[in-house]
Amino acid sequence: MEIPKSFEPKDYEDRIYKMWEEKGCFKADPKSDKKPYVIVIPPPNVTGALHVGHAMFVTLQDILIRWKRMQGYDSLWLPGTDHAGIATQMVVSKELEKKGIKRTEIGREKFLEYVWQWKREKGDTILHQLRKLGASCDWSRTKFTLDDDLSKAVRTAFVRLYNEGLIYKGEYLINWCVSCETAISDLEVEHFEKEGKLYYIKYPFEDGNGEVVVATTRPETLLGDSAVAVHPEDERYKNLVGKNVILPLLKRKIKVIADEMVDREFGTGAVKITPAHDPNDFEAGKRHNLEFIKVMNEKGIMTGNAGIYQGLSRYECRKKVLEDLEDEGLLLKIEKHKHSIGHCQRCGNMIEPMLSKQWFLKIDSLAKPAIEVVENGEIEIIPDHWRKVYLNWMGDIHDWCISRQLWWGHRIPAYSCNSCGKSAGENDPEKKLASIDNLTSCPYCGGVLNQEEDVLDTWFSSQLWPFSTLGWPEETEDFKKYYPTSVMETGYDILFFWVARMIMAGLKFTGKKPFHKVFLHGLVRDKHGKKMSKTSGNVLDPLDLIDKYGADALRFTLSILCVPGTDVNLDPKRMEGYKAFANKIWNASRFVLMQVEEGFEGEIKEEYLSLWDRWILNEFEKTAKSVNQSLEEFKFYEASHTIYHFLWHSYCDWYVEVSKSVLTQDELEERKSVVKSVLVKVLIDSLKLLHPFMPYITEELWQKIKGEKMGFIALQSYPQGDKYESSPIEEEIDDICDLITAIRNIRAEKGIAPSEKITVFLEPFSENFEKMVKENISEIKMLAKVEELSFEIGNLKDEGFASSVCKMAKVFVLIRKDENHHQKEKERLSLELAKLQKDRVKFLNKLNNPSFAERAPEEVIKRHKEILAEIELKSGEIEKLLKEMTT
């Protein structure tokens, strides 16, 4: 059997994926009696192009799905896309504007036709890009949040919540984006600290005797002031409470009130109250029954309530108000002031708190059971830190503004009657105006109905995703078998946007938790830890990375960097290293297959197994057991490190090299046959073990080794490591490798050419080790390129030699002697000793650290103690060598 010399991922990735898809490798079967394992994909925006955030969740979820599929589960990874209300409407609006078409001029119906056409042409781009990463989704079940069945689920959920009195319509202060022209939730607001200004403005008393000075960052909103507030315990202002002041510029009379929300240390301790344009003032306005005066409209333009400032933009108004205040002598001073300003997550523009009539969802009764299932462990959140964050946030949750002033999305299924004036959410006592699909006339009077213009927040439909995609509200075959799902794997940045809401919705509508476990991965940043953005010029395109390094190298990099609780700093140089890892596997496979004829069916005969054979077979079982355990605990980094170390070092660097000493020498044919069998078996099992991480190269090599008649590696059984046994062989081989490494290090440090054979003298610390060296002397000589290995040390003082200490012996390598030899050797050993002493301090400090002792697993502490003992042994022996060299 032969494998091409060159390794190039582009030669086989697309071909292999097509083969998997055509043969139905990823399809789940609800009729199967296999235990289900289910993940629903966090639906990417239909407008989206693949970015590294997608690459991260696709990699981790695909590892889990492929692993469980190979373990014998009926694995379902359900894909789909989100309609992304604001984003999609903006994208299509901009495309139409390029053609001279304005959304507002063509109307809702025509605009939606354009959006659906755009979706048909470009909406599946992101799904095709996910395939490039190797995503093993069941594409036959692909969903879109505006599909008919999912839209039915949204209407059902809305109506149920409405009929239970949990959805209501009211005039409240909401976050408004004047650019996107829609309300947005608190979670969609990003706060940035900026250098601004604090304006000190005089509010004259009605009687003309003096003034109260108010400090504000928003002078333009004073036009909507209903009061001035001071703290009730502030001695400076106690006598002013109840007095009237004159609102600057508009000359309106307003009262001075006392309210505990006032921060006495801010500005002068007196603040203006603008209930229609500030969240704190809104609450104060309700407490004190103040007038709510809206001075700005939804486009950020001043209204008629702003008097002479009507028609100005909010920024023009600020400039004009400040000029007029100065002209009237009412602007006392301006100070620099750092403060946090809310911005729209979507477009980046400053958010405007706006009094608006919106639809809201009462959250308290939904949050309580969602808190309980996490507190009692029914849903496990990993890492545990995010469990605490979740519980804190859920304990202080507010009603959710669910309406958006858009055309693209799920139009709110609520109606108002032109004739009797009844309206869902306001005066609909029998809850009829949001309880029937496709109403044609008023259920109260038969009059003409108008449907609500607004659409639901995109997250309203997304919260139903784990069960609406499986057929809910119908009791479908899929819903019965695959719900609840197994794991929700996503980024921690949408814990509140999505995960919390899915938990609340799942419990509310199905009576069951939507998933058993939540794993939250970190955000992917650039190599310096900075957020990737187009403006910073540090964005890494996954498609470019795949083109350069291959999908497997990208996936393995993301997996090995995924440490729970930390963000990922992505450096393309890491991908170079893991492309080299794939290349190493390719070349090792090529070597193995060159040793065996086509159709080779080896047999591992126990009586012909050597120490090395037994070691690699057991080491593989140990690796498989560890990888499975790590994946169970979502320790992707640990599983990746384990399999990398085994394949690169144990198999390629040691066993493959050792096998050459058998295969190239006059050994018994039975012995050669066993070595070939072990080589092939461990290679094939290793490819299975690696498959979830690097699916393409493993499938390609499997096909070359096994051929199509044996099916796909993606559907083979996953190695469990259940044959692993703790054995002295591990330590014995470890000691031999340590000896070979010590000899190799001396060769490297002394610049001895690889082709030059050397003479080595050993002083073993035990008879057992001497015996073991003698039994494996041919392998040691070949791997360390030793001509002669002797235990007769004699007197080496008069010879030129370089020495070292490994765990089980002192090592002396004969070299050419020069006049400075002894001095150079002392300097070399002194440097080695200094390094060991530095390592000793590091391990001692770690072991003496109470925090490490409490948190580290028992096996980690044990291993640290073993390493410390080895360091102390080597240090002691080097000190003896140095002492002998000075006498």
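Reply: The domain assignment of the protein chain, with bounds that come from an automatic or database assignment, gives domain 1 (182-353), domain 2 (414-451), domain 3 (571-726) and domain 4 (730-886). This is a predicted model, in which local features need pLDDT of at least 70 and side-chain atom pairs count only at pLDDT 80 or more, while totals for chains, interfaces and linings use all residues. Residues are numbered from 1 along each chain as its sequence is written, and side-chain values use heavy atoms, with hydrogens and water left out.

A nonpolar core is here a set of buried Ala, Val, Leu, Ile, Met, Phe, Trp, Tyr and Cys residues joined through side-chain atoms within 4.5 Å, where buried means under 20% relative accessible area, exposed over 50% and partly exposed in between, with a 1.4 Å probe and protein chains only. The largest such core has 138 residues, and Tyr651, Phe693 and Val811 are those with the most contacts inside it. Its largest share, 14 residues, comes from helix H19 (residues 636-663), helices being DSSP runs of H or I with at least four residues and strands runs of E with at least two, numbered from the N terminus. At least three residues of this core come from each of domain 3 (571-726) and domain 4 (730-886).

Taking contact as heavy atoms within 4.5 Å, and not counting residues up to four places away in sequence, Tyr651 touches Val592, Ile616, Phe646, Val656, Leu679, Val682 and Leu683. Apart from this core lies another, of 70 residues, which includes Val38, Leu366, Ala367 and Ala505.

With a disulfide taken as a pair of cysteine sulfur atoms within 2.5 Å, the structure holds 0 disulfides. The sulfur of Cys420 has its closest cysteine sulfur in Cys417, 3.7 Å away, which is too far for a bond, and Cys420 is partly exposed, with a relative accessible area of 33%. Cys806 is likewise in no disulfide, the nearest cysteine sulfur, that of Cys737, being 11 Å away, whereas its own relative accessible area of 1% makes Cys806 buried.

As for the other domains, the C-alpha centres of domain 1 and domain 2 lie 40 Å apart.
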